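Trainee: I would like a close look at a single part of this protein, the pocket, together with the strands and helices around it. Please take me through it step by step.

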Amino acid sequence: MPCPRITVMPKLQKHVVGVATIHNTVTIPVIDLAEILCGRKTQNIKQSLIVVVKSGNSKFAFLASKADRIININDNALLPSEIDSSDTYMIGAVQEENELVELIDVDKVISDVLNPKSDNDSAQDIHSEQEKLYSAGIC
């Protein structure tokens, strides 16, 4: 969906750019996924899209520069990731129209945003993940 108006609030967790009201009823945090995965903040938020996800009983939105399509997958279609996924946000991949599509563990992303480790550990972990995603051509 097109990016709605985002309200910046004080004392938000790192990588949360603000909150947005969806369908005039639900206010949810908006997370800058590019900043987490690739180490660079989304530059043109007004031109971005948001992808709303549910984690547990809560909803969140991720900023996205584009969304080619949304696909539903069965667990048995999950393939191993080409990226060492033991310490990244990638949980696997699926074959979609002759293309291997990497899948992001949104629950892990949200958990890390809401419950950050110490600044030193967190920075090292994120840098390590970003290096793997750069070398795989994702960032």
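Mentor: The largest pocket has a volume of about 1700 Å³. Keep in mind that this is a predicted model. The lining of the largest pocket is made up of 39 residues. Leu33, Lys66, Val101, Glu102 and Ile104 are the ones that lie nearest its centre.

Next, sort the lining by class. Of the residues that line the largest pocket, 23 are nonpolar, six are polar and 10 are charged.

Now ask which elements the lining comes from. At least two residues each are supplied by helices α1 (33-38) and α2 (106-114), and by strands β4 (49-55), β5 (58-64), β6 (90-96) and β7 (99-104). Strand β7 gives the most, with six residues.

To place these elements, start with the whole chain. The protein has three helices and seven strands, and along the sequence they follow the pattern β-β-β-α-β-β-β-β-α-α. Of its 139 residues, 33% count as buried.

Two of the strands that supply the lining, β4 and β5, also belong to an open sheet of five strands. The order in this sheet is β1-β2-β3-β5-β4, and the pairing is mixed. Strands β1 (6-7) and β4 stand at the edges with a single partner strand each, so one side of each has no neighbour in the sheet.

Strands β1 and β2 run antiparallel and are joined by two bridges. Here Thr7 has Val19 in β2 as its bridge partner. Strand β2 (residues 16-22) then pairs with strand β3 (residues 26-31), again in the antiparallel sense, over six bridges. Within this pair, Ala20 stands opposite Ile28 in β3. Strands β2 and β3 form a hairpin with three residues between the strands, and His23 in this hairpin takes a positive phi near 55 degrees.

The step from β3 to β5 has another sense. These two strands run parallel, with two bridges between them. Ile31 stands opposite Phe62 in β5.

Glu97 has 65%, so Glu97 is exposed. Asn98 has 81%, so Asn98 is exposed.

Turn to Lys108, which lies over the face of Tyr89, at 5.3 Å from the ring centre. As for rings with rings, the count comes to zero aromatic pairs.

Terms used
Residues numbered from 1 in each chain as written. Predicted model: local features only at pLDDT ≥ 70, side-chain atom pairs only at ≥ 80, totals over all residues. Heavy atoms only, no water. 1 Å grid on protein atoms, 1.4 Å probe; cavity = no way out; pocket = protein on both sides within 12 Å on 5 of 7 lines; lining within 4 Å. Points joined across faces, edges and corners; volume = space filled by probe spheres on them. Helix = DSSP H or I, 4+ residues; strand = E, 2+ residues; numbered from the N terminus. Nonpolar A, V, L, I, M, F, W, Y, C, P; charged D, E, K, R; others polar. Pairing = 2+ DSSP bridges. Phe/Tyr/Trp six-rings, centres within 6.5 Å; stacked < 30°, edge-to-face > 60°. Lys NZ or Arg CZ within 6 Å of the ring centre and 35° of its normal. Buried < 20%, exposed > 50% of the residue type's maximum accessible area, 1.4 Å probe, protein only.
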